[in-house]
Amino acid sequence: GKTYDAHFLDKMSKHHIDGIEMAKMAQSKTSNKQIIEMSQKMIKDQKEEVQQMQKWRKDLYSGVPKSS
C-alpha cells in the first residue's frame, strides 16, 4: 500500500545517499582508475535516482509520515 511505498522510497533514498558518500570516500582514498571511474558513475547515477525518488515521495505520498 501507500505506506509501504512511501517508506520504501524513504529507505532507498537514504541507502543511495549513503552510497554516494561511500563513493566520494573511495575517490579520495584510491589511485585505482577503475574504482575512480566506477565511483564517478555511482555518484552520478545515484544522485539522479535520489532526485527521482524524492520527487515521487513528495508528489505521491506527502501525507504519509516519514519512516524512521
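This is a short walk through one predicted chain, from its overall form down to a few single residues.

Some ground rules. The model is predicted, so local features need pLDDT of at least 70 and side-chain atom pairs count only at pLDDT 80 or more, while totals for chains, interfaces and linings use all residues. Residues are numbered from 1 along each chain as its sequence is written, and side-chain values use heavy atoms, with hydrogens and water left out.

Start with the whole chain. It has two helices and zero strands. Helices here are DSSP runs of H or I with at least four residues, strands are E runs of at least two, and both are numbered from the N terminus. The radius of gyration is 15 Å, well over the 11 Å that the globule rule gives for 68 residues, so the chain is more spread out than a compact globule. That radius is taken over C-alpha atoms, and the rule is 2.2 Å times the number of residues to the power 0.38. Along its principal axes, the C-alpha trace spans about 45 × 20 × 15 Å.

How much of the chain is buried? Of the 68 residues, 25% count as buried. Buried means under 20% relative accessible area, exposed means over 50%, and partly exposed is in between, with a 1.4 Å probe and protein chains only.

Now contacts, meaning heavy atoms within 4.5 Å. Take those between residues at least 6 apart in sequence: 71% join residues at least 24 apart.

Next, helix H2, residues 33-61. Its 29 residues should span 42 Å at 1.5 Å a residue, and its end C-alpha atoms are 41 Å apart, which agrees. The expected span is 1.5 Å times one less than the number of residues.

Which residues of H2 are buried? They are Ser 39, Ile 43, Gln 46, Val 50, Met 53, Arg 57 and Tyr 61. What covers them includes helix H1, residues 2-29.

Look at the N-terminal end of H2. Asn 32 caps it, with a side-chain oxygen 2.8 Å from the backbone nitrogen of Gln 34.

Two serines to finish. Ser 31 lies in the loop between H1 and H2. Is Ser 31 buried or exposed? Ser 31 is exposed, because its relative accessible area is 73%.

Ser 67 lies in the segment after H2. Ser 67 counts as buried, at 19% relative accessibility. Leaving aside neighbours within four places in sequence, Ser 67 is in contact with His 7, Asp 10 and Lys 11.

Definitions and conventions. A polar contact is a pair of N or O atoms within 3.5 Å; within protein, one must be able to donate a hydrogen and the other to accept it, and residues adjacent in sequence count only if both atoms are side-chain atoms.
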